[in-house]
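Q: I have a model open and want to learn to read it. Can we take it feature by feature?

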Amino acid sequence: MTVHPSLQPYADAWTHSIEAISELVLPLTEGEWNRATPCPGWSVRDVVSHIIGIECEMLGDPRPIHTLPRDLRHVVDEFTRYMEVQVDVRRHHTAPEMTSELEYTVIRRARQLRNEKRDPSTTVRGPLGDQVTLEQALRLRAFDVWIHEQDLRTALGAPGNLDSPGAHVARDILLAGLPKVVAKKAGAPANSAIVLDVHGPLEFMRTVRVDAEGRGTLDSTPSLGPAVTLVMDWETYVRLAAGRVRPHAVADRVKTEGDPELADAILGAFSVTP
């Protein structure tokens, strides 16, 4: 138990997902480590390398000194370049090397979390060198690890944990980005409302209301006359909001009502992750 209970849900969610990932990858053959995942440009090995690398940075380990190849098409900006270093440095690691490093890293991080005595508001270094609170850092790690668990499950044909503790963290983080998608990116008109109706392992309905100044806010009260209603299952919502799939690829799993042009604009700007 951490000193501050507000950190415990994120530590629990992280633990649940990281242990699930360890169980998923332990029996994999060398060939299965090379399977493509929904995460652009990354294989199973790459996703696990990313997880190991970021957890090592959270432990305070120095970043590897490594020059990236020039032909990585998914590396398009400073953020993806930064993230790719921990991945590319492990690209030729064998299955036993990957599983042993993952196991060792998880043991170290679990010990760090158990012994965490800092206040949740303590400022710590974020993944890109930015400064965030400890609570936000742990929240983002729980989210990231769960999203990557789902990447691995998709690649390996092993669905599951769509209602786990990490799923609830992911729901709240993805929903927090929805007002910007609707009001800013899609340009929903002033004084309008857009309803998102999600069913499946996690069920919820949320309304984004755009005020007279064009600002969007999120609430759980239904709207009587929404400009657009989007209905989809939880897994489809995650894949769209996390940028794992384009709207046309899941058109048969998304039902839209209302203004078709605005619905298309919202779905086209639905991704809220970098």
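Q: Where is the place of Asn 191?
A: Asn 191 sits in the loop between H8 and E3. Helices (H or I, at least four residues) and strands (E, at least two) are DSSP runs, numbered from the N terminus. This is a predicted model: local features need pLDDT of at least 70, side-chain atom pairs count only at pLDDT 80 or more, and totals for chains, interfaces and linings use all residues. Residues are numbered from 1 along each chain as its sequence is written, and side-chain values use heavy atoms, with hydrogens and water left out.

Q: What is the phi of Asn 191?
A: Start with the general idea. Most residues other than glycine have a negative phi. Here, Asn 191 has a phi near 60°, a positive value in a residue other than glycine. Asn 161 also has a phi near 60°. Asn 161 lies in the loop between H6 and helix H7 (165-176).

Q: Is Asn 191 buried or exposed?
A: Buried means under 20% relative accessible area, exposed over 50%, and partly exposed in between (1.4 Å probe, protein chains only). Asn 191 has a relative accessible area of 62%, so it is exposed. Leu 102 counts as buried because its relative accessibility is 3%.

Q: Where does Leu 102 lie, and which residues is it in contact with?
A: Leu 102 lies in helix H5 (residues 95-114). Contact means heavy atoms within 4.5 Å. Leaving aside neighbours within four places in sequence, Leu 102 is in contact with Ile 21, Ser 22, Val 25, Val 48 and Ile 52. For scale, compare Ala 251. Leu 102 and Ala 251 are 149 residues apart in sequence and 37 Å apart in space, C-alpha to C-alpha.

Q: In what order do the five strands of the open sheet run?
A: Pairing comes before order: two strands pair if DSSP finds at least two bridges between them. In this model the order is E5-E4-E3-E6-E7, with mixed pairing. Strand E5 (216-219) and strand E7 (254-258) are the edges, each pairing on one side only. Neighbouring strands of this sheet are turned by 15° against each other on average, direction ignored. Axes are lines fitted to C-alpha atoms, for helices over the stretch in contact, and angles run from 0 to 180 degrees between N-to-C directions.

Q: How many bridges join E6 to E7?
A: Five bridges join E6 to E7, and the two run antiparallel. Thr 229 has Glu 257 as its bridge partner in E7. E3 and E6 pair in the parallel sense, over six bridges. There, Val 198 has Met 232 as its bridge partner in E6. Strand E4 (residues 204-210) is joined to E5 by four bridges, antiparallel. Val 208 is bridged to Leu 218 in E5.

Q: Which residues point one way from E6, and which the other way?
A: In a regular strand the side chains alternate between the two faces of the sheet. From E6, Val 228, Leu 230 and Met 232 point one way. Thr 229, Val 231 and Asp 233 point the other way. Six of the six residues of E6 are buried.

Q: Which strands does helix H9 lie across?
A: Helix H9 (residues 234-241) lies across strand E3 (192-199), E4, strand E6 (228-233) and E7. H9 runs at about 110° to E6.

Q: How many cavities of 30 Å³ or more are there?
A: A cavity is a set of points, on a 1 Å grid over the protein atoms alone, where a 1.4 Å probe fits but cannot get out; lining residues have an atom within 4 Å of a point. Grid points are joined across faces, edges and corners, and a volume is the space filled by probe spheres set on the points. The count here is two.

Q: Which element gives the most to the lining of the largest cavity?
A: H6 gives the most, with five residues. Helix H6 (134-156) and H9 are the elements that give two or more residues to this lining. Among the lining residues are Trp 146, Asp 151, Glu 235 and Arg 239.

Q: What classes of residue line the second largest cavity?
A: Ala, Val, Leu, Ile, Met, Phe, Trp, Tyr, Cys and Pro count as nonpolar, Asp, Glu, Lys and Arg as charged, and the others, Gly among them, as polar. The second largest cavity is lined by nine nonpolar, no polar and no charged residues. Val 208, Leu 230 and Phe 270 are among them. E3 gives the most to this lining, with three residues. By contrast, the lining of the largest cavity has five nonpolar, two polar and four charged residues.

Conventions:
1 Å grid on protein atoms, 1.4 Å probe; cavity = no way out; pocket = protein on both sides within 12 Å on 5 of 7 lines; lining within 4 Å.
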